[in-house]
Amino acid sequence: MSVHRTRRWGAALFAATVTAGLLGGASAQAVTGAQPVPDGTYRFSAKVTFGDLRACSGALVDQDWVLTAKSCFAEGSAPVVAGAPSRPTTVLVGRADLTGTAGHQRAVAAVAPHPDRNVALVRLAAPVTDVPPVTLASTPPSAAETLKVTGYGRTATEWVPDRLHQGSFTVQDVNATSVGLLGASAGATLCKGDAGGPAFRDGSAELVAIVSTSWQKGCLAETETRDGATATRVDDLGQWIRWQTGDVHLFAIVQDGTAFRLVSHALDTAVDTVRATRTAAAALPFQPKAMATLNANTILMTDQVGNLHRVDVADAVDLTYTTTPLGDGWGHDRLVYDGHGSLYGIFSGSSLRRYTVTSAKPTAADIGTYTTIGSGFGLKTLASPGPGRILGTTTAGSLLSYRITGSGPNAWSRSDLKTTGWDQPTLLTSPGGGVYYALHPVGGLQRYRDANPFDGSGADLAFEGAPRVTDGAWSSHRLISARPWTGVVSVFGTGPDGRLSHTTVDPVTGARRTVVSAGTLGFTPKAMAALNADTVLVTSTAGQLYRVDVTGTDPLTFTRTESLSGGWTQDRLAYDGHGSLYGINAGAALRRYTVTKPKPAYADIVNPKSITGNFTLTALAAPGPGRILGTTSNGKLLAYVIDAAGVWTPEELAATGWGDTTSLFSPGGGLYHRRLSSGQVLTYLDASPFDGSGADIKPHLPDAPASTGWDPILSARPYDSWPDGRRW
């Protein structure tokens, strides 16, 4: 096979791509003319099922990641984009016999497509720890070399085989990004369903390439007489794979003489390893003073003269970027972004300011005017461990945690996590999830983990190790900033048929994905409150209270307890993420309960207290600790602050415009979602959610896709519930 012939395939094989359509609900599987793979062999082989559209093959390259073909996730002519797959997707790993139970099935949490090649990494919703990943080859394939290929695609005789198959293929030619393959064993070819299948050196099991296209000669129902296939090279993608599979991404500034350069690091929180490091060839056109990472490819930086710049990373692996000036007046000593729309800066050494960022790539207009939280924030370092929270060290050696609930002296609270021993770190950063990185002059970057980062205690804060850097020394780092583990808005819903739904909404882009359970609750639901990621309380129209335990979100599965109690006639329920469950009875009577466990029995829902007043609210949400939000039939949006004794203070946020609200939910952070009677959900952002004023409540995500078809009963998981949600 010549190189010229391989190039012709790029234009000719559109109809012969080896991703498999799911015809009649069944997938096509396996390498034609090949031998079935014995149980326990090549366990890294994976089957990827993309909704009801197609199935592909793949290879486990890390306990959390499978490598496959990017074309497996294509929808028409639309490009495959990073993030959650557009259809529910599952992966089978370590199961040669599809009728058996060996190995593991995992939902896919995210897809990371390669920008230039037919390659994608898929992140599994849970790791596979007992199947050894395949090793990535460190040398390129050579002509005439023999490679083994495994796949679940169609065979010559079976449309839907039930076993993994293997075949030997000879490398015909090699170019910069692909290899040509020709069957070396009798009848070996590649069929639909084999796309993404690993091509590896047998014996050493070194992954060289993944299957891309084929003429499909010899496949069932194919009449093509031409032979051969192409596979996409991956031996030279080690840096890209290591970057993607690191779960912490750090951007940093290093000083090189008089030049300041951008550096990226991909770290692994499971081990003390820096998976990938890159230093930009081009120096920054300014001397940076403070930086905050917004997302995977957007960083905000201030310079020494008070200008704010947006740095757009075009390629995180080669680390190329552009800079855009956003304005002046930014004399901040430190900056940090919480991943949920709040940018914090310390100005003049001790004044803390909060800005609301309303775009993933903000212009000056997308960074709202600041709110002064207060003075006295004389922090040596600044990080954000989660929404509405900052973390910092002092020169006296304290590690302090702050929860921000507004502005002014009563709108924030401080917890002293440590009172000594933290005077050495020069830089501090956190992606979230209770993971903190502190840069020490001696000892380099050190990792700590807070098992319960929002409890105000440092008793469970432990040192975990010092990640080794592979390129350069930590001592050259002048600034450091982690990409936030952005928690999506996680919404549970139900309706008259009793089916449970789970919707994830990106708080920046508005992109959403909904999964509906096959099973029903077994009763007619009336009200609902999400306690955390996998626990929901639901009342029935018969007045029973049930706990629903979510056992999986893709597909959505759950179990429910027998009734916890009768007498729960609440029309509406809301949980504030801090132990307080609120319910409204008969449209006006408000009651508060204390929930003492993440999966409560009835004995764990204590201290029922009637809140005196007339709470005639048509919808109810809890936007933060000790706070509820509600709408009225005449269009008002009302907020209430309720203290421990049950004394409440009303705040009218809007006098009109909120009448057609059938459900209200808020994860916190000033995000309010309202469902209309049409089934549409509108989103609003309150830039200062606890200031008692609705003047700064504005429609959020006005350009997001139409958000219709929502269940009538909805509840968002509070941002502050633990564990937090992560989005890679």
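Predicted model: local features only at pLDDT ≥ 70, side-chain atom pairs only at ≥ 80, totals over all residues.
**Disulfides**

A disulfide is a covalent bond between the sulfur atoms of two cysteines. A search of the whole structure finds two such links, and when the bonded cysteines are counted along the chain, they follow the pattern 1-2, 3-4. The table sets out the two pairs.

| Pair | Sulfur to sulfur | Angle about the S-S bond | Handedness |
|---|---|---|---|
| Cys56 and Cys72 | 2.3 Å | 110° | right-handed |
| Cys191 and Cys219 | 1.9 Å | -95° | left-handed |

In the pair of Cys56 and Cys72, the sulfur atoms are 2.3 Å apart. Cys56 belongs to strand E5 (residues 54-62), while Cys72 sits in the loop between strand E6 (65-68) and strand E7 (89-93), so this link ties together parts that are 16 residues apart in sequence. Both Cys56 and Cys72 are buried.

In the pair of Cys191 and Cys219, the sulfur atoms are 1.9 Å apart. This pair links distant parts of the chain, with Cys191 in the loop between strand E13 (178-183) and strand E14 (198-201), and Cys219 in the loop between strand E15 (206-214) and strand E16 (229-233), 28 residues apart. Cys191 is buried, as is Cys219.

**Nonpolar cores**

Which residues have the most contacts inside the largest nonpolar core? That core has 60 residues, and the ones with the most contacts inside it are Val66, Leu67, Val91, Leu262 and Met301.

The surroundings of Met301 can be followed in the structure. When its neighbours within four places in sequence are left aside, Met301 is in contact with a list of residues that includes Ile253, Leu262, Leu284, Phe286 and Pro288. The list also includes Ala290, Met291, Asn307, Leu308, His309 and Val311.

Strands of a sheet pair through backbone hydrogen bonds, either parallel or antiparallel.

**Strands E37 and E56**

Another pairing involves strand E37 (residues 489-494) and E56, which run antiparallel and are joined by four bridges. The bridge partner of Val491 in E56 is Ala716. Along strand E56 (residues 713-716), Ile713 and Ser715 point one way, whereas Leu714 and Ala716 point the other way, and all of them are buried.

**A buried threonine**

Is Thr170 buried or exposed? Its relative accessibility is 19%, and because a residue counts as buried when this value is under 20%, Thr170 counts as buried. Thr170 lies in strand E12 (residues 165-174). Not counting residues up to four places away in sequence, Thr170 touches Ala144, Glu145, Thr146, Gly180, Leu181, Leu182 and Ala184.

Conventions: Residues numbered from 1 in each chain as written. Heavy atoms only, no water. Core = buried A, V, L, I, M, F, W, Y, C linked by side-chain atoms within 4.5 Å. Buried < 20%, exposed > 50% of the residue type's maximum accessible area, 1.4 Å probe, protein only. Contact = heavy atoms within 4.5 Å. Helix = DSSP H or I, 4+ residues; strand = E, 2+ residues; numbered from the N terminus. Pairing = 2+ DSSP bridges. Disulfide = S-S within 2.5 Å.
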